[in-house]
Amino acid sequence: MRTPSIVPDDQEQTIYLVADDFGKIGRAWRETDYYESADLETVIQDLLTGQYSNPIRIVAFNTSERWSEDVSADVAHELRRRCDLQMRDLPSALSDFVERHEGADRRQLTLRLV
């Protein structure tokens, strides 16, 4: 019996994995139900809808291009941007993640008074 490979065979797909903190029971890389659900948009939607309890890091990789990268800061900025556009608060499970990874790049926009 052949064991399926965990390495994606789609030459163009970048995979996104979320490390989640479960408190006393530890930290783990969260699995996805389907190969297709490891894309950036699905991960962002899952974060916004509370599928992760306490995300600590997001890593992207593409085996065909031979690279991997911590994309936590980019995802944190995108989560903040989407919540701002929807004029809603960040979900409480994401607040620490976003604050930790936004760093000094978070800028308050100023209004010009006329």
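Q: Where does Met 87 lie?
A: Met 87 is in the loop between α2 and α3, where helices (H or I, at least four residues) and strands (E, at least two) are DSSP runs numbered from the N terminus. This is a predicted model, in which local features need pLDDT of at least 70 and side-chain atom pairs count only at pLDDT 80 or more, while totals for chains, interfaces and linings use all residues. Residues are numbered from 1 along each chain as its sequence is written, and side-chain values use heavy atoms, with hydrogens and water left out.

Q: What is the phi of Met 87?
A: Met 87 is not a glycine, and yet its phi is positive, at about 50 degrees. As background, most residues other than glycine have a negative phi.

Q: And is Met 87 buried or exposed?
A: Met 87 counts as exposed, with 77% relative accessibility; buried means under 20% relative accessible area, exposed over 50%, and partly exposed in between (1.4 Å probe, protein chains only).

Q: What about Arg 66, where is it found and what is its phi?
A: Arg 66 is found in the loop between β3 and β4 (67-70), and its phi is near 60 degrees, a positive value in a residue other than glycine. Arg 66 is exposed, at a relative accessible area of 76%.

Q: Stepping back, what pattern does the chain follow along the sequence?
A: Along the sequence the pattern is β-β-α-β-β-α-α, with three helices and four strands in the chain. The chain has 114 residues, of which 32% count as buried. Of the contacts (heavy atoms within 4.5 Å) with a separation of 6 or more, 59% are between residues 24 or more positions apart.

Q: Which residues of the largest nonpolar core touch the most other members?
A: That core has 18 residues, and Leu 47, Ile 58, Val 75, Leu 79, Phe 97 and Val 98 touch the most other members. A nonpolar core here is a set of buried Ala, Val, Leu, Ile, Met, Phe, Trp, Tyr and Cys residues joined through side-chain atoms within 4.5 Å.

Q: Which elements each supply at least two residues of this core?
A: They are β1 (15-21), α1 (40-48), β3 (55-62), α2 (72-85) and α3 (92-102).

Q: What is Leu 47 in contact with?
A: Apart from its neighbours within four places in sequence, Leu 47 is in contact with Tyr 52, Pro 55, Ile 58, Val 75, Leu 79 and Leu 94.

Q: Now the helices: how do the axes of α1 and α2 cross?
A: They cross at roughly 60 degrees and come within 11 Å, the axes being lines fitted to C-alpha atoms, for helices over the stretch in contact, with angles running from 0 to 180 degrees between N-to-C directions. That makes α1 oblique to α2, given that angles under 35 degrees count as roughly parallel, over 145 as roughly antiparallel, 65 to 115 as roughly perpendicular and the rest as oblique. Residues of α1 that meet α2 include Leu 40, Ile 44 and Leu 47, and among their counterparts in α2 are Val 75 and Leu 79.

Q: And how do the axes of α2 and α3 cross?
A: The axes of α2 and α3 come within 8 Å and cross at roughly 120 degrees, which makes α2 oblique to α3. The contact involves residues including Val 75, Ala 76 and Leu 79 of α2 and Leu 94, Phe 97 and Val 98 of α3.

Q: Which residues are buried in α3?
A: In α3 the buried residues are Leu 94, Phe 97, Val 98, His 101 and Glu 102. They lie on the same side of α3 because they cover an arc of only 115 degrees around the axis, the arc being that of the directions from the helix axis to the C-beta atoms. The buried residues of α3 pack against α1, β3 and α2, whereas the face turned away from the buried side carries the exposed residues Ser 92 and Glu 99.

Q: What follows α3?
A: Gly 103 follows α3, and its phi is positive, near 60 degrees.

Q: Last topic, the strands: what does Val 59 touch?
A: Val 59, found in strand β3, touches Ile 15, Tyr 16, Leu 17, Trp 29, Glu 69, Asp 70 and Val 71, not counting residues up to four places away in sequence. The C-alpha atoms of Val 59 and Tyr 16 are separated by 5.7 Å, although the two are 43 residues apart along the chain.

Q: Is Asp 21 buried or exposed?
A: Asp 21, which lies in strand β1, counts as buried at 18% relative accessibility. Leaving out residues up to four places away in sequence, Asp 21 touches Gly 26, Arg 27, Ser 53, Asn 54 and Ile 56.
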